[in-house]
Amino acid sequence: MVSIINVAGFLLGLYFLLRSYLLIKKKREEVADFLVWSIIGASLLLLTLVPQVGDTLAEYLDIRTRASTIFALAIFLLYLIIFRMNMLNRSLDRQISVLNEEIAVLKHELENR
Amino acid sequence: MKTIAVIPARNEEQTIHDVVTRVRKYVKDVVVIDDGSTDLTRARAQEAGATVISHPLNRGVGAAQRTGYRVALQKKTDYIIQIDGDFQHDPECIPTLLEQCQNGYDMVIGSRFLNPSHRRYTVTRRSGIKFFTWVANLLGSLTVTDVTSGFRCYRASALARLSPLPDRHWALEQTLEAAKKNMKIKEVSVEMPVREKGLSQFDVKTYALYPFRMVECVIKVLLFR
C-alpha cells in the first residue's frame with residue numbers, strides 16, 4: 001500500500017532530479033552538485049518505488065526498521081553536506097576579508113597617485 | 001627611528017579628530033583604518049592629518065589592524081603604535097610604550113589593571129578580561145594583567161613574524177602567539193576610562209561569542225602556530 005510518506009519521498013526525489021537538471025542547464029550549478037543531488041533524488045525515488053530495497057538495507061546495516069535506516073542515512077548525508085557547506089562558508093568569509101583589505105589598500109594607492 | 005600609529009576606527013566621528021591630533025603630537029605618521037564607517041569618520045580623520053584607508057565592508061577590529069600593520073610594514077617603519085579611536089587610550093602614554101619597545105621589548109601592552117581605572121568597568125567585563133588574561137598566562141607562561149588591551153606598541157620586525165590577525169577577537173591569539181615565539185612582552189600602566197562618546201563595538205553578541213572564539217584561538221595557537 002502506498003503511504004503519504006512514500007508519495008512525499010517520491011515527489012521530493014523527483015524535485016531534486018528536475019531542479020538540479022534545470023539549474024545545470026541554466027549554468028547555475030556545478031556538475032558535482034548536480035551529481036550529489038541527482039543521486040539523492042534517485043535514491044529517494046528508488047526507496048519509495050521499491051520499498052524492499054529499504055528492508056534489505058535495514059537488514060544489512062542491522063537497523064530494526066526501514067524508516068530508521070532511511071533516517072540514519074539521511075542524517076549522515078546531512079552531516080556531510082553541512083560540513084562541506086561550513087568549510088566553503090569559512091573559506092569564502094576569509095576570501096571576502098582578504099578582498100576587503102586589498103580593495104582598501106589599492107583604492108588608497110589610486111587616490112594618492 | 002621611524003614610528004607609525006595605527007588607529008582602527010568605525011563610526012568614531014565624534015572622537016577621531018581629537019584622537020589623531022593628540023596622537024600626532026608624539027607620532028607624525030598616523031594611519032586610520034576606517035572599518036566600513038557609515039558616518040564622517042574618514043573625513044574627520046583626514047582633516048586631522050591622518051592617512052585614511054577605508055574598508056568597503058565592516059570586518060572587525062582585527063581586520064582593520066591587519067590592514068594597518070600591512071601599511072605600516074610597507075612603509076618600513078621600526079615601531080608601530082596601536083591605539084583606539086574612541087579616546088579610551090590616552091595618547092600621552094605613547095612615549096612610555098615606545099620607550100619600553102626601544103629598550104628591547106617586542107610588544108608592549110598598556111594595562112588598565114596596573115592602576116585603579118579598571119574599577120569603573122562592569123563586573124562582567126572585568127571578570128571576562130581577568131579570565132582571558134588568566135588563560136593567556138597559563139598557556140603562554142606569561143605574567144600579563146590585561147591581555148585584551150588594544151593599546152600596544154610593537155617592534156615592526158617582531159610583528160612581521162606573527163601570523164595575520166583574525167577579523168575579530170584578535171588580542172588573545174596575538175599575545176599567545178608572541179609568547180610561543182619567545183617574544184619579549186612587557187606591560188605598562190595606562191588608565192583606560194569607560195568611553196563617554198560614541199558606541200562601543202562590544203555588543204551582547206561579541207561577549208556571547210568570546211568563549212567560543214577563545215577556545216578556537218587557544219587550539220589554533222597551541223596546535224598550529
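The exercises below, each with a worked solution, concern a predicted model with chains A and B.

**Exercise 1.** Describe the interface of chain A and chain B by its residues in contact and its buried area.

*Solution.* Begin with the residues: 13 residues of chain A are in contact with 17 residues of chain B. Then turn to the area, since the size of an interface is often given as the accessible area lost when the parts come together. Here the area buried between the two chains is about 1300 Å², and carbon and sulfur atoms contribute 43% of it.

**Exercise 2.** Determine how many salt bridges and polar contacts link chain A and chain B, and check one salt bridge against the cut-off.

*Solution.* The rule finds six salt bridges across the interface, while nine residue pairs, both partners at pLDDT 80 or more, are in polar contact. By class, the side of chain A that touches chain B has six charged, four nonpolar and three polar residues. For the check, take R90(A) and E216(B), whose side chains meet with an N to O distance of 3.7 Å; the pair therefore counts as a salt bridge, the cut-off being within 4 Å.

**Exercise 3.** Identify the parts of chain B that are linked by the salt bridge of D167(B) and R59(B).

*Solution.* The closest N and O atoms of D167(B) and R59(B) are 3.1 Å apart. D167(B) lies in the loop between α6 (156-159) and α7 (171-180), whereas R59(B) lies in the loop between β3 (51-55) and α3 (61-74), so that the pair, 108 residues apart, links distant parts of the chain. Over all chains, the whole structure holds 17 salt bridges.

**Exercise 4.** Find which helix gives the most to the nonpolar surface patch of chain B.

*Solution.* The patch, whose members include F131(B), W134(B) and F224(B), has about 930 Å² of accessible area together. Helices α5 (123-140) and α8 (204-224) each supply at least two residues, and α8(B) gives the most, with five; F224(B) is found in this helix.

Methods. Residues are numbered from 1 along each chain as its sequence is written. Chains are lettered from A and ligands numbered from 1 in the order in which they are written. This is a predicted model: local features need pLDDT of at least 70, side-chain atom pairs count only at pLDDT 80 or more; totals for chains, interfaces and linings use all residues. Side-chain values use heavy atoms; hydrogens and water are left out. Contact means heavy atoms within 4.5 Å. Buried area is the accessible area (1.4 Å probe) that two parts lose on being put together, summed over both. A polar contact is a pair of N or O atoms within 3.5 Å; within protein, one must be able to donate a hydrogen and the other to accept it, and residues adjacent in sequence count only if both atoms are side-chain atoms. Ala, Val, Leu, Ile, Met, Phe, Trp, Tyr, Cys and Pro count as nonpolar, Asp, Glu, Lys and Arg as charged, and the others, Gly among them, as polar. Patches are made of residues with over 30% relative accessible area and no salt bridge: like charges are joined within 9 Å, nonpolar side chains (Val, Leu, Ile, Met, Phe, Trp, Tyr) within 5 Å. Accessible areas come from the Shrake-Rupley method with a 1.4 Å probe; for residues, only the protein chains shown count as cover. Helices (H or I, at least four residues) and strands (E, at least two) are DSSP runs, numbered from the N terminus.
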